[in-house]
Amino acid sequence: MRQAPGILHLDMDAFYASVEQVAKPSLAGKAVIVGGIGARGVVATASYEARVFGVRSAMSIGEARRRCPNAAFLSPRFGLYRQVSDTVMELLHRLSPLVEPLSLDEAFIDLDAGPHGGALDTARVTEIAVRLRADIHAATGLTCSVGAATSKLLAKIASEADKPDGLCVVVPGTERAMLDPLPVRALPGVGPATGDVLRRAGLDTVAELAAVDESELVRLLGQAHGHGLYVLAAGLDARPVVADRDAKSVSVEDTFATDLVDRERITRELDRLSIRCVERLRAAGRSGRTIVLKLRRYDFSTLTRSETLRGPTDDPGVVRETIRRLAAQVDVTGGVRLLGVGVSGLADFAQQDLFGAADAPAQEPAEDDDAEPTGEEPAEAGPGRVSWSPGQDVVHEDFGPGWVQGSGVGRVTVRFEVPGGKPGRVRTFALADPALRPGEPLPLPGTGGDRGDRPAGPGDLGPPDPPT
C-alpha cells in the first residue's frame, strides 16, 4: 500500500473544443461543438458553454443543433490536437518515466518513479500537481483536471470530482470517504446493463456494494465481473501505471439484462456502439482498417464477424454501415445477450478520400462581422474541388490565415484571426476565389517553434526535500 497519493490522473477539459476556443480568439467563452458536420454526424466534444444546454459526446449533430443552435459547429482538426497532446505529454514525462496515455487528452502518471519519488507526501504531491496544471496552461492556454491518490481507481475518480479546471487529492486513509457515497456507475466496468442489475438488487452506491458478500456479486454478474467489482468497491486497486502501452484494437461492448430479439432494436444498439467505438478511436488519435462485430447469443455461444476496408478510417458512418452489413449475415433467432463493435489494424491517420461524407443542403453564409459561426455543410469550391468545412484552416493571398465559418450558395465565409491574437474580421468570397486556399493549423501560443521558451515544467521544481 502506497503511503502517499503518488498516482496522478490528468484529464484535459473538453479537449477538442477547448483547443478550438484557444486557436480561434472569437470563440473564447462561447459554445463550441466539434464533430461530424454531415447529416449523420455525431458530437465528438462539446465545450462547457454548450454542455449547459445538454449537449454531450456521441449525441447526434442534429440533436445538438436543436439544443444549442447558436453554437459554433466545427469539423475536428486531429493533427492540431495531436500536436497539443504531445506538448502536454512532454510535460508529464518530466515528472516521471511512467506515463500511461489513455487517449490524446488523458493519462496516468506514477510520481514514485520520478525524481521526487523518494520524498513524496500529500503536501509535495499537491505542490507538484498545482505546478503541473499551471505549466500546462502556460504552454497551451488550456485547463485540465487532476486527481491524485494511492491507486489508479481513486485518482481517476478524484479527477472527475472537481471538473473543470480542478485538483482533488485523496489523502491516504480517506479513500472510503471518497468512494462510499458514489453511485455504482462511478466504478469502471459498470455500464448501463450492469447498473440496472445492481439497481434491481437494491445496490445503488459503492458503500452498499462494498457491504455485499463477494458470492452475491458473483451470482448476479458472473465470476470474473463479480469478483472484479467486489475488489474495486473495496477500494483495492493494485494496477500499475504502464508506460507506452500500444493498443492493437479499440472496442466497446454491452451486455443486456434481457436478451434482444427484435432485429430493429439490435440495429439501434449496434449504431450506438459504433458511435462509442469511433469516439474512443478518435480520442486515441487512431484510425483502423478492420471493423469487427461481436455477438453473444442466448445460449452463450459467441461469434465474431469482420470486414477489412481498403484503407483506415475513423468515420462513424463507415463503421456503422459496415457493422450493419456484418449483422445482417448473423442469425439472431432466440435472442442476443451481448453486442460489441471493434476496430483493429490501427493506424495514425484516416484515408478520408475513400469515404464520402453525406451531403446536406447548404445555407446562407453569415456576412456580418459579429456573426457567429453557422456550421453549414461543407461545399465544394474552386477548380480543384476543395471542400470547405466549418473550422477548416485557410489562407488568403491578401488577408492571410483564417478559418471557415460556413459555406453555401456559391460563397464561403472566413474569419481572419490567429491563435493568441484578437477576434478577427469576417469576409465572404466566391467558392472558386483563386486567392483562397486550404491552410495548415497554426500552433497554439507556447506549443510551436522553438521550445526553449517553454515553462520549466513540473519536473523542474528543484531537488526533493530531504526526508524528515
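**Close-up views of a predicted model**

At 0% relative accessibility, C277 counts as buried. The model shown here and in every view below is predicted.

View 1. C277 is buried, at 0% relative accessibility. C144 is buried too, with a relative accessible area of 1%. Both values fall below the cut-off, because buried means under 20% relative accessible area. A disulfide is a covalent bond between the sulfur atoms of two cysteines. Searching the whole structure turns up zero disulfides.

**View 2. Helix α4 spans residues 78-95.** The helix holds 18 residues. From first C-alpha to last, α4 reaches 26 Å. That is close to the 26 Å expected at 1.5 Å a residue. Which residues of α4 are buried? They are F78, L80, Y81, V84, S85, T87, V88, M89, L91, L92 and L95.

**View 3. Helix α4 crosses helix α5.** Helix α5 covers residues 122-140. The axes of α4 and α5 come within 10 Å. They cross at roughly 150 degrees. Angles over 145 degrees count as roughly antiparallel. The two helices, α4 and α5, are therefore roughly antiparallel to each other. Their crossing is right-handed.

**View 4. Strand β15 is covered on both faces.** The strand runs over residues 393-396. On one side sit D393 and V395. On the other sit V394 and H396. All four of these residues are buried.

**View 5. Strand β15 pairs with β16 and with β19.** With β16, the pairing is antiparallel and runs over four bridges. These two strands, β15 and β16, form a hairpin. Three residues lie between them. With β19 (residues 436-438), β15 also pairs in the antiparallel sense, here over three bridges. In β19, the bridge partner of H396 is L436. The side chain to look for is that of a buried residue, H396.

**View 6. A cis peptide bond joins K163 to P164.** Omega is near -10 degrees for this bond. P164 is placed in a loop. That loop runs between α6 (152-161) and β8 (167-169).

**View 7. A58 has a positive phi.** The angle is about 75 degrees, although A58 is not a glycine. A58 is in the loop between α2 (48-51) and α3 (61-67). Is A58 buried or partly exposed? Its relative accessible area is 22%, so A58 is partly exposed.

**View 8. V409 has a positive phi.** Here the angle is about 55 degrees, and V409 is not a glycine. The residue lies in the loop between β16 (400-408) and β17 (411-416). V409 is exposed, with a relative accessible area of 54%.

**View 9. S249 and V343 meet across the sequence.** S249 belongs to strand β9 (residues 249-260). S249 is partly exposed, at 43% relative accessible area. How many residues separate S249 and V343 in sequence? They are 94 residues apart in sequence. In space, S249 and V343 are 5.7 Å apart, C-alpha to C-alpha.

Technical notes. Residues numbered from 1 in each chain as written. Predicted model: local features only at pLDDT ≥ 70, side-chain atom pairs only at ≥ 80, totals over all residues. Heavy atoms only, no water. Expected span 1.5 Å × (residues − 1). Buried < 20%, exposed > 50% of the residue type's maximum accessible area, 1.4 Å probe, protein only. Pairing = 2+ DSSP bridges. Disulfide = S-S within 2.5 Å. Axes fitted to C-alpha atoms, helices over the stretch in contact; angles between N-to-C directions. Parallel < 35°, antiparallel > 145°, perpendicular 65-115°, else oblique. Left-handed = near helix turned anticlockwise from the far one by under 90°.
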